[in-house]
Amino acid sequence: MDITEVPVSQDNKGKKKKNKKAKKKSVSQEGNEESGGVETKEEKMEKSEPAFPPTFSVSEIKNKQRRHLMFMKLKQEKRKQKMQIKKKKKKEREALGDKAPPKEVPKTIENQRVYDETTVDPEDEEIAFDEGTDEFSAYFNGLTNPKVLITTSDRPRGRTVRFCEQLATVIPNAHVYYRRGLALKRIIPQCIARNFTYLIVINEDRKVPNGLVLCHLPDGPTAHFKISSVRLRKEMKRRGKDPTEHSPEVILNNFTTRLGHSIGRLFAALFPQDPQFVGRQVATFHNQRDFVFFRFHRYIFKNEKKVGIQELGPRFTLKLRSLQKGTFDSKFGEYEWVLKRHEMDACRRKFQL
Amino acid sequence: MQHDDVIWDIIGNQQFCSFKVKTKSQGFCRNEYNVTGLCNRSSCPLANSQYATIREEKGQCFLYMKVIERAAFPAKMWEKVKLSKNYEKALEQIDENLIYWPRFIRHKCKQRFTKITQYLIRMRKLVLKRQRKLVPLSRKVERREKRKEEKALIAAQLDNAIEKELLERLKQGTYGDIYNFPVHAFDRALEQQDAESESEEEEEGEEEEEDDEDTGKREFVAEEEVEESDLSDFEDMNKLKTSSDEEEQDEEEESSEEEEEEEEEEEEEETMTKASRSKGKSPANGSAARKKRAYVEIEYETEPVAKSRATS
């Protein structure tokens, strides 16, 4: 009876059986199915500590309950060791006092980012030349003033309409037009004829805006973004009054690569070149890990070293899906860059913008 | 022999017809050769040995006719006539093919033909208009992207980044003369701070410098109200820099000139304050919260500073 019972209870490595292990020690060496289990069991009995030889892995245990218990024990062990290491380090640091080595910088995704060879060097002449002669040069040289047309896809719903209106207040010199089923290819020449510099089309899906096509007009590049987390003005906490008519300043953060640079210029050209500081408004496009966050704030300088900001205006996040060379043409357009999910999203530390 | 009445008796009323679809108000006939689509004695293609329909294949309309003479040859029962694409000509064709046929069938055939041409025209028009392209979303991908976005938002620390950028611009002077913050008001506040915590020798030097600076610069009264919190912030920064400060002071006390020490310290403290600010000392909330936080911390900080003084 004892012998037959032993294999069953032996293999049960649950905590409940720890007490009984000592009794069954002698019998445990016989008749075992899992060799790994035996070794660990014996070691356990000797050291009264779960010690795992390197060949043993928790996944080899077939029984779910036992496997779960073993895994939890493993985790506890690891945690304990980690805490011990931490304590030791802390003690050393305190002991050394001043001479302690500087704290190690934790690894972040930004730290570990795979170096992109298209990163823009601020002093690169080639890039400076390119930017001097590309489609935005007219804007950046102060020749043209931005004039923006905002429209939607067919039959927009309430949220999208409100979003368009708020965008129009944020971007100076912007006009909202109802789409009415017109083809974009026919709208574009009309816009060019009326001296618009930008066309924004907000695509809607299930009553919520989810896409943005930003087209620079006199045959400029077209960028297609995915919009997410749109927050309208009345949903903002602690928001200020409505934005005034003053043209805001623009902040573009973290656009490092060539692609990022061109997108940054695309955003910058939306706003007039000379911001009115009287208005104290700032529109921010912050790129983090390929997501572009848009915020609109009003700032006030309390003194030299402190500034207070208050968020007005809508906020949304953009993710670039494709960049096309000419104006909007989905069939025959020449795509400069397209998001290819399998290639580009495969590595967590690789970013395009 | 074709007994239409018998057939209709069976399938129409009493027994089962596999083409019949019954609803509450009406019965429909799913037979492809049915002219009207309803289940009636006169519209049933099975119960009428003389019957005609219009059917459409790939945009082409055909007239199908069934006569009793061919009732024995199921394979050749339906006679198919191609109708012209011209609407009027096609109607004439129907008329001439169905001459001497019962009024009902002629009428219904023409009606059906009209309907068919209408929907063919609409189809052609729609193709020319813009068509909505449905792009499938992958649920997993969307979930992953959402999570990535949240993480990116946290990593971005937007408020701090914006504030830092604005202060940078102020420093570089892009705002011109709009904001007249005297640069040395800050220094003066720092010097007062130093005077409290450092040795007396340095205090004399600072006072001399203060006098010199006072003559040139204007003071803004509003600034002083805010300076309480500024002072507390400076003490914050002092707390942050204690270790490096001690090192600097140790080194500098060894050197001879006092004024240089002070200037270096001030500069270093300025840079440290900038760094500490950008590290996110300022919370996302408004200034009220900031001030409160600073006030609380004043009480704690003086003690450790005093302690470190003692040890050094």
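This is a predicted model: local features need pLDDT of at least 70, side-chain atom pairs count only at pLDDT 80 or more; totals for chains, interfaces and linings use all residues.
The side chain of Thr53(B) comes within 2.7 Å of the backbone oxygen of Tyr33(B).

**Around Thr53(B)**

- You will find Thr53(B) in strand β3 of chain B, which covers residues 51–57.
- Is Thr53(B) buried or exposed? Its relative accessible area is 0%, under the 20% cut-off, so Thr53(B) counts as buried.
- Leaving aside residues up to four places away in sequence, Thr53(B) touches several others, including Asn34(B), Phe62(B), Trp78(B), Cys109(B) and Arg112(B).
- Tyr33(B), whose backbone oxygen the threonine side chain reaches, is also among the residues that Thr53(B) touches.

**The two chains in outline**

- Chain A is built with 11 helices and 10 strands, while chain B has 11 helices and 5 strands.
- Of the 353 residues in chain A, 43% count as buried; of the 312 residues in chain B, the figure is 36%.
- Take the contacts in chain A between residues at least 6 apart in sequence: 62% of them join residues at least 24 apart.
- For chain B, 49% of the contacts between residues at least 6 apart join residues at least 24 apart.

**Aromatic rings in chain A**

- Over all chains, the structure holds 12 aromatic pairs.
- One of them is the stacked pair of Phe225(A) and Phe267(A), with 5.6 Å centre to centre and 25 degrees between the planes.
- Phe225(A) sits in strand β5 (residues 222–231) and Phe267(A) in helix α10 (residues 258–268) of chain A, so this pair ties together parts that lie 42 residues apart in sequence.
- Both of these phenylalanines are buried, with Phe267(A) at a relative accessible area of 2%.
- Phe267(A) also pairs with Phe255(A), and this pair is tilted: 6.4 Å centre to centre, 55 degrees between the planes.
- Phe255(A) lies in the loop between β6 (249–253) and α10 of chain A, 12 residues from Phe267(A).
- At 12% relative accessibility, Phe255(A) is buried too.
- Which residues make up the aromatic cluster? Phe163(A), Phe225(A), Phe255(A), Phe267(A), Phe271(A), Phe285(A), Phe294(A) and Phe316(A) form it together.

**Salt bridges within each chain**

- The count over all chains comes to 16 salt bridges.
- In chain A, the side chains of Arg295(A) and Glu311(A) meet in a salt bridge, at 3.9 Å from N to O.
- Arg295(A) is in strand β8 (residues 291–303) and Glu311(A) in strand β9 (residues 306–324), so the pair ties together parts 16 residues apart in sequence.
- Arg295(A) is buried at 7% relative accessibility, and Glu311(A) is buried at 12%.
- In chain B, Arg41(B) forms a salt bridge with Asp5(B), their closest N and O atoms being 2.8 Å apart.
- This pair links the loop between β2 (27–29) and β3 of chain B with helix α1 (residues 4–14), 36 residues apart.
- Arg41(B) is partly exposed at 29% relative accessible area, whereas Asp5(B) is exposed at 56%.
- Lys80(B) and Glu57(B) form another salt bridge, at 3.6 Å from N to O.
- Lys80(B) lies in strand β5 (residues 78–82) of chain B and Glu57(B) in strand β3, 23 residues apart.
- Lys80(B), at 43%, and Glu57(B), at 41%, are each partly exposed.

- How many salt bridges link the two chains? The count is 4.
- Glu145(B) and Lys226(A) form a salt bridge at 2.9 Å from N to O.
- Both belong to a salt-bridge network that also takes in Lys319(A) and Glu142(B).
- There are 7 residue pairs in polar contact across the interface.

How values were computed
Residues are numbered from 1 along each chain as its sequence is written. Chains are lettered from A and ligands numbered from 1 in the order in which they are written. Side-chain values use heavy atoms; hydrogens and water are left out. A polar contact is a pair of N or O atoms within 3.5 Å; within protein, one must be able to donate a hydrogen and the other to accept it, and residues adjacent in sequence count only if both atoms are side-chain atoms. Helices (H or I, at least four residues) and strands (E, at least two) are DSSP runs, numbered from the N terminus. Buried means under 20% relative accessible area, exposed over 50%, partly exposed in between (1.4 Å probe, protein chains only). Contact means heavy atoms within 4.5 Å. Rings of Phe, Tyr and Trp (its six-membered ring) pair if their centres lie within 6.5 Å; planes under 30 degrees apart count as stacked, over 60 as edge-to-face and the rest as tilted.
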